[in-house]
Amino acid sequence: GRIDGAYLLTTKTYRQHVNRQDFIKFLASLQLNKYRNLKSGRPKLEDNQIVLTLNLKSEDKKTELPLDFTFIKIDKNWRIDRIAKVQR
């Protein structure tokens, strides 16, 4: 149920471009179960959106996975409009 809950936190526009199966495949490709530590960057406000970078670190701290989450406000709720790996 967590995947469905996460998918429902996305915007309608996101769900129009990324169906549930593709969302599941994307999450599987990230291999999130490898990561135990999370470090959040400072949110950046850009054109009525918030971009938040989360840096996931493996338990042994040898592997990092930075992800950018773009949020937009719909009515009174913030929804995820984009999730992307940060290219370094």
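**Strands, turns and salt bridges**

Modeller: Let's start at a turn: β3 and β4 form a hairpin with five residues between them, and lysine 61 in that turn has a positive phi of about 65 degrees. Helices (H or I, at least four residues) and strands (E, at least two) are DSSP runs, numbered from the N terminus.

Colleague: Before we go on, what kind of model is this?
Modeller: It is a predicted model, where local features need pLDDT of at least 70, side-chain atom pairs count only at pLDDT 80 or more, and totals for chains, interfaces and linings use all residues. Residues are numbered from 1 along each chain as its sequence is written, and side-chain values use heavy atoms, with hydrogens and water left out.

Colleague: Thanks. How many bridges join β3 to β4?
Modeller: Nine, and the two strands run antiparallel, with β4 covering residues 64-74. Strands count as paired if DSSP finds at least two bridges between them. Within this pairing, valine 51 has threonine 70 of β4 as its bridge partner.

Colleague: Which residues does threonine 70 touch?
Modeller: Leaving out residues up to four places away in sequence, threonine 70 touches Gln49, Ile50, Val51, Arg79, Ile80, Asp81 and Arg82. Contact here means heavy atoms within 4.5 Å.

Colleague: And is threonine 70 buried or exposed?
Modeller: Threonine 70 counts as buried because its relative accessibility is 5%. The cut-offs are under 20% relative accessible area for buried, over 50% for exposed, and partly exposed in between (1.4 Å probe, protein chains only).

Colleague: What about strand β3, how many of its residues are buried?
Modeller: Seven of the ten, so to speak of the strand as a whole, β3 (residues 49-58) is mostly covered.

Colleague: Which bridges does β3 make with β1?
Modeller: Strand β1 (residues 35-40) pairs with β3 in the antiparallel sense over five bridges.

Colleague: Switching topic: how many salt bridges does the structure hold?
Modeller: Three. A salt bridge means a side-chain nitrogen of Lys or Arg within 4 Å of a carboxyl oxygen of Asp or Glu.

Colleague: Which residue does arginine 20 pair with?
Modeller: Arginine 20 forms a salt bridge with aspartate 4, and the closest N and O atoms are 2.6 Å apart. The pair links distant parts of the chain, 16 residues apart: arginine 20 is in helix α3 (residues 20-30) and aspartate 4 in helix α1 (residues 2-8). Arginine 20 is partly exposed at 37%, and aspartate 4 is partly exposed at 34%.

Colleague: Where do glutamate 59 and arginine 36 lie?
Modeller: Their side chains meet in a salt bridge (3.7 Å, N to O). Glutamate 59 lies in the loop between β3 and β4 and arginine 36 in strand β1, so the pair ties together parts that are 23 residues apart in sequence. Glutamate 59 is exposed at 57% relative accessibility, and arginine 36 is exposed with a relative accessible area of 53%.

Colleague: And what does glutamate 64 meet?
Modeller: The side chain of glutamate 64 meets that of lysine 57 in a salt bridge (3.8 Å, N to O). Glutamate 64 is partly exposed at 38%, and lysine 57 is partly exposed at 23%.
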